[in-house]
Amino acid sequence: MPNKPEPLFIDGHYHYTLSSYDPVEATLTIPHLTDEEVGYGIAGIVAERGWKEDGLPTDAWVAENVEGLGTLDELKQAVREELEQINARYVESTKGGLCAEELAKRVEQRVPAAIVERARDIVRQGFEMQAAQNGVALAQLLAASGMSEHDYEHAVDEEAQAMAEQNAALDAIVDEYAIYVDETELPAILGLSPKDAKTVIDDAREHGGLEEVMAFARRRRALEAVMRDASFTEEHETAEQAARRVAEMRAQMQTAMPGDENNGEGEGDKPHLKLV
């Protein structure tokens, strides 16, 4: 790969260009829902209600404890349908990242080292926040994940480089199409109430970070435009690929981190059928 030139630095900003501004094409991976995943979902629901026996509950237990369902087969079907909806939402959530990844391949300039280092700090903060949320030190988080210090630094470097290049690509879209955002649009873009958005804006202004907030908002607008014009093809996960993915999930659950009261099960990923 030939060496890329440095971007122009004009009016306090780096300016990037893309080799093409044509609509992005990306491939969505559709998960293959396994019986084991459905089993985990059922186990989570019945355990929540107090089922402590080996195996699955009876039809009578389901009828008494799960609102609107009368048999175990109905519970299985309800869990499968909800997990399929969760998978569909997950696939939809990957579109932005896939578009940004494809767009980053078109950046014609090299992202300066100082920008990558700033992205590296953000990535490190993300790992530290994840550890804090689990009530453990970063070293414990890495140990529970089976990640060495070398692996951690490598992961930080890769993620920071990708983040910096994707931001550069979106900045190129902002420049090319003169995308403008004002402060009144920030609540919608950031997903905050007007009151909370004002707090963020005031804090950013006080600490000299308002331009970073506005740059983030412009990139979000740029990504929305890219996603609207993008075309997506679907690639379905095979049963073998799904089995490997579930095996990895099982291994992670078996090495649940200290301080994780849910024993490694994410509240956001399990079915939410209402129990009586």
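This is a predicted model: local features need pLDDT of at least 70, side-chain atom pairs count only at pLDDT 80 or more; totals for chains, interfaces and linings use all residues.

## A pair of helices and what surrounds them

Author: Let's start with α5 and α7, which are oblique to each other. The label follows from the angle: under 35 degrees counts as roughly parallel, over 145 as roughly antiparallel, 65 to 115 as roughly perpendicular, and the rest as oblique. For α5 and α7, the axes cross at roughly 125° and come within 8 Å. Two packed helices are described by just these two things, the angle between their axes and the distance between the axes. An axis here is a line fitted to C-alpha atoms, for helices over the stretch in contact, and angles run from 0 to 180 degrees between N-to-C directions.

Residues are numbered from 1 along each chain as its sequence is written, and side-chain values use heavy atoms, leaving out hydrogens and water. Helices (H or I, at least four residues) and strands (E, at least two) are DSSP runs, numbered from the N terminus.

Now for the rings. The whole structure holds four aromatic pairs. One of them joins Y21 and Y177, whose ring centres are 6.3 Å apart with planes at 85°, so this pair is edge-to-face. (Rings of Phe, Tyr and Trp, with its six-membered ring, pair if their centres lie within 6.5 Å; planes under 30 degrees apart are stacked, over 60 edge-to-face and the rest tilted.) Y21 is in the loop between β2 (13-15) and β3 (25-30), and Y177 is in the loop between α7 (149-176) and α8 (186-190), so the pair ties together parts 156 residues apart in sequence. Y21 is partly exposed, at 25% relative accessible area, and Y177 is partly exposed too, at 48%. (Buried means under 20%, exposed over 50% and partly exposed in between, with a 1.4 Å probe and protein chains only.)

F127 belongs to helix α5 (residues 113-133) and Y152 to helix α7, so to speak a link between distant parts of the chain, 25 residues apart. Both F127 and Y152 are buried.

What follows α5? N134 is in the loop between α5 and α6 (138-144). With a relative accessible area of 18%, N134 is buried. Its side chain reaches the backbone oxygen of Q130 at 2.9 Å.

At the other end of our story, A178 is in the loop between α7 and α8. A178 is exposed, at 62% relative accessible area. Although A178 is not a glycine, its phi is positive, about 50°. Most residues other than glycine have a negative phi. D11, in the loop between β1 (8-10) and β2, also has a positive phi, near 55°, without being glycine. D11 is exposed, with a relative accessible area of 72%.

Terms used:
A polar contact is a pair of N or O atoms within 3.5 Å; within protein, one must be able to donate a hydrogen and the other to accept it, and residues adjacent in sequence count only if both atoms are side-chain atoms.
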